[in-house]
Structures are given as structure tokens and as C-alpha cells.
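Have the viewer open while you go through them.

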Amino acid sequence: MKKLIPFLITFFVTSIGNSQNITPATQLKFETIYYDAIYKWVAFPIVEVDSTYVYGYIYLDMQAGLTFNREGVFQIDTNGKLESSKKEPYNMVKVRLGNKTPNLALLSPNQLKELGVAPIPDWLKNYKKPIDDAESLTRTGYHLNAVGGSKKALEFLLKAYKKSPHHKGLEFELGFAYNALGQYEKAIEILNKATTNDPKNALLYKEFGYAYLNLHKLPEAEAIYKRGVEIAADKELRCEMAINMVNYYFIQKSKDKFNEWANLVKQNTSPNSQYIKYIEYFEKEWESKR
């Protein structure tokens with residue numbers, strides 16, 4: 001099962017998602033990744049066809065994920081001050097942020113004064129809730145994992161683990177984060193306890209096998225994946241686990257084991273799926289090197 005960001009209908013100028021850095025003003029440094037700017041005012045870099053900066057506030061919606069609340073646009077005058085344009089009808093447009101979001105500039109307290117906005121927007125009270133129980137901590141980690149912010153996700157997930165180690169979804173998110181960061185031994189430690197507690201949770205085996213595979217512990221990885229495939233009701237999840245073994249045995253040039261796992265993939269997906277295309281590619285490569 002792939003990590004998914006919840007689908008939401010949003011309206012926003014498309015330039016933000018495709019913006020490109022050009023030489024910024026000296027007081028604006030576009031070096032902050034958006035998931036490091038939660039609960040902060042930020043500006044997007046201008047695009048080549050424009051001379052204004054879009055600015056707004058980033059917050060975490062527990063259901064939808066990391067969200068940018070667009071407040072308006074500004075220019076920089078000849079004295080280097082931020083000059084806000086009159087607020088337009090698109091004010092308060094909310095945008096769900098994703099991996100195509102460019103690096104942002106954090107706005108300083110002085111810049112916020114120039115723009116005439118409060119350090120904490122009034123509307124935030126409707127969205128910001130305490131992140132201190134196992135559910136909210138796990139949910140926050142989930143959203144950060146989903147957008148590549150696994151290092152930051154660990155801060156929340158480990159707090160949740162101390163409170164309730166077997167909270168629903170927590171151990172999977174912890175394993176996912178450790179694997180994403182290359183900390184495979186820590187992932188194995190967490191997931192070993194998780195599968196002992198919840199042995200029929202197939203998602204756990206996906207991350208568990210992945211950790212062993214990346215440590216080149218093949219017997220352990222294969223045993224874990226076989227167990228995961230056996231209990232997984234979701235064919236997509238079976239294929240995700242099996243294709244990892246297909247890829248590994250292709251690299252190892254072990255044709256019999258390659259065929260064993262490739263056949264398992266073929267049994268669980270359609271003939272035109274992306275998984276079949278991977279296998280066909282491997283098979284052609286194999287034949288070309290004979």
C-alpha cells in the first residue's frame with residue numbers, strides 16, 4: 001500500500017506549484033523546506049513572468065495534511081521594504097502542499113509588520129489543536145512521512161511511542177520513517193515488536209522485509225515477505241512486497257528465485273500493470289546479456 005495524501009478540492013494559482021527561483025531580494029532567503037515551516041509565515045519565490053511574491057501561513061490540518069493559507073502578494077520597494085498589494089478575492093485560498101513545492105523564505109517579525117499581519121493569524125484557532133496525545137502525534141508523523149519529512153516525523157512518532165507503543169498505525173509509521181532515513185536496524189527493532197503484537201497486519205511486514213533486504217539479510221527478508229504476502233488481502237500490497245524480491249534477485253542474477261517471485265507478481269496483478277512492465281524490462285535485460 002502506497003502512502004497517500006488525502007484528496008481535497010482546492011483552488012489556487014498554478015504558478016505556485018511550478019515556480020522557479022530567480023535572483024531573490026537580499027532579505028528573502030528561499031532555503032526552507034515547506035515541512036520545516038509549519039506554523040510560520042512564508043513567501044514563495046517569484047516566477048519569471050511576475051514581479052510579486054505570494055505570501056501566507058503554513059499549518060497542519062490533521063485530516064488533510066500540510067496546508068498553505070494564501071494571504072496575498074507583495075512587492076519590494078526601492079528601500080527594500082515589503083509592500084503588500086491590496087488583498088484580492090483569492091485571499092484565504094488554501095493549498096495542500098506536496099513534493100513539488102519549492103523552497104520558501106521565512107518572513108521575519110519586521111517583515112510581518114511591513115505587511116500588516118499578526119504573528120499568529122486569528123483564523124488559526126479553528127485549525128490548530130494540541131499535538132500531545134498518541135493519535136495526534138501519530139497523525140502528524142503520518143503527514144510528514146507522506147511528504148518526505150521523515151526526520152521531522154520521528155520527533156512526533158517517538159513521543160507517541162512513549163505514550164502508547166501499539167497505537168493504531170504508529171509502529172508502521174515509525175518503521176516507515178526509519179527505513180526512509182536508512183536506519184534499518186531501528187526499523188527492525190520496532191517492527192519485530194509490532195508483528196509480535198499484531199501478527200496479521202500485512203503492512204508491517206512490508207516495512208519489516210524492506211529493512212532486512214537493505215541490510216542484505218536475504219533469508220530474513222524473504223521469510224518476512226512470504227509471511228506478508230500470505231496474510232495480505234490486498235493484491236497491490238502483495239505485489240509491492242514481491243517486486244522488491246524480484247529486483248533483488250535480478251541484481252543477484254538468481255534466475256530461479258527471480259522467476260519464483262515474478263510469478264507471484266503476475267498472479268496478483270493485471271497484464272498491463274506497472275509491475276508487469278518492470279518484470280518485462282528485467283527479463284529483456286536478462287536475455288540481452290546472455
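The points below cover the nonpolar cores, one asparagine and a helix pair.

1. Keep in mind that this is a predicted model. Start with the largest nonpolar core, which has 70 residues. Val246, Phe258 and Trp261 are the members that touch the most others in it. Helix H8 (residues 235-252) supplies the largest share of this core, with ten residues.

2. Leaving aside residues up to four places away in sequence, Phe258 touches Val246, Tyr249, Phe250, Ile279, Phe282, Glu283 and Trp286.

3. Next, have a look at Asn145, in helix H2 (residues 134-146). Is Asn145 buried or exposed? With a relative accessible area of 3%, Asn145 falls under the 20% cut-off and so counts as buried. Its side chain has polar contacts with two side chains: that of Ser150 at 2.7 Å and that of Glu173 at 2.8 Å.

4. Then there is the pairing of H6 (residues 202-214) with H7 (residues 218-231). Their axes lie 8 Å apart, and the packing angle is about 165°. Because that angle is over 145 degrees, H6 is roughly antiparallel to H7. The crossing of H6 and H7 is left-handed.

5. If you want to check that contact by eye, the H6 side includes Ala202, Tyr205, Phe208 and Gly209. From H7, the residues involved include Leu218, Ala221, Ile224 and Gly228.

Note on methods:
Residues numbered from 1 in each chain as written. Predicted model: local features only at pLDDT ≥ 70, side-chain atom pairs only at ≥ 80, totals over all residues. Heavy atoms only, no water. Core = buried A, V, L, I, M, F, W, Y, C linked by side-chain atoms within 4.5 Å. Buried < 20%, exposed > 50% of the residue type's maximum accessible area, 1.4 Å probe, protein only. Helix = DSSP H or I, 4+ residues; strand = E, 2+ residues; numbered from the N terminus. Contact = heavy atoms within 4.5 Å. Polar contact = N/O pair within 3.5 Å; in protein donor to acceptor, adjacent residues only side chain to side chain. Axes fitted to C-alpha atoms, helices over the stretch in contact; angles between N-to-C directions. Parallel < 35°, antiparallel > 145°, perpendicular 65-115°, else oblique. Left-handed = near helix turned anticlockwise from the far one by under 90°.
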